Amino acid sequence: QVQLAESGGDLVQPGGSLRLSCAASGNIFSINGMGWYRQAPGSPRELVAWFTDAGNTYYAPSVTGRFTISRDNANNAVYLQMNSLKPEDTAVYYCHAGVRLEKDSPALDFWGKGTLVTVSS
């Protein structure tokens with residue numbers, strides 16, 4: 001049906017930057033909210049940043065001022081620019097989207113497979 005493909009995860013030193021990308025493809029009528037979660041080893045998955053269909057954004061307090069989410073509606077894509085990375089940002093980052101498959105259908109949740117970000121010297 002719908003696939004979310006993330007890219008951009010890598011090993012980076014503390015203080016460095018990375019840009020994550022996520023592109024949605026498949027049977028898409030429209031996308032509501034789209035954003036990023038992360039999960040560190042031994043921790044629950046947490047919301048990092050979210051971009052609503054109305055153009056509003058939300059950031060977790062731990063990343064506010066360092067991360068910036070952006071969205072390309074024409075290409076069903078969302079990006080996460082991560083600056084001033086810290087070791088505690090190390091996690092698998094997952095793309096998530098609320099997707100409508102048909103005009104009058106409710107939005108369904110779709111997830112990517114994740115991309116690993118490791119912040120270490």
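## Aspartate 89 and its arginine partners

Aspartate 89 forms a salt bridge with arginine 66, the closest N and O atoms lying 2.7 Å apart. A salt bridge here is a side-chain nitrogen of Lys or Arg within 4 Å of a carboxyl oxygen of Asp or Glu. The pair links distant parts of the chain. Aspartate 89 sits in the loop between S8 and S9, arginine 66 in the loop between strand S6 (57-59) and S7, 23 residues apart. Both are buried, meaning under 20% relative accessible area; exposed is over 50% and partly exposed lies in between (1.4 Å probe, protein chains only). Strands (E, at least two residues) are DSSP runs, numbered from the N terminus.

The model is predicted: local features need pLDDT of at least 70, side-chain atom pairs count only at pLDDT 80 or more, and totals for chains, interfaces and linings use all residues. Residues are numbered from 1 along each chain as its sequence is written, and side-chain values use heavy atoms, with hydrogens and water left out.

## The salt-bridge network

Aspartate 89 also bridges arginine 38, with the closest N and O atoms 3.0 Å apart. Arginine 38 lies in strand S4, so this pair ties together parts that are 51 residues apart in sequence. Arginine 38 has a relative accessible area of 6%.

Glutamate 46 forms a salt bridge with arginine 38 at 2.7 Å. Glutamate 46 is partly exposed, at 35% relative accessibility. The count of salt bridges comes to 3. Arg38, Glu46, Arg66 and Asp89 are linked in a network.

Glutamate 6 lies in strand S1 (residues 2-7). Glutamate 6 is buried yet has no salt bridge. Arginine 45, the nearest side chain of opposite charge, is 7.6 Å away. Lys and Arg count as positive, Asp and Glu as negative; His and the chain ends are not counted.

Backbone nitrogens approach the glutamate 6 side chain instead. That of cysteine 95 lies 2.8 Å from a polar atom of the side chain. That of glycine 114 is reached at 2.9 Å.

## The nonpolar core

The largest nonpolar core has 30 residues. Such a core is a set of buried Ala, Val, Leu, Ile, Met, Phe, Trp, Tyr and Cys residues joined through side-chain atoms within 4.5 Å. Met34, Trp36 and Phe67 are among those with the most contacts inside it. The largest share, 5 residues, comes from S9.

How values were computed
Helix = DSSP H or I, 4+ residues; strand = E, 2+ residues; numbered from the N terminus. Polar contact = N/O pair within 3.5 Å; in protein donor to acceptor, adjacent residues only side chain to side chain.
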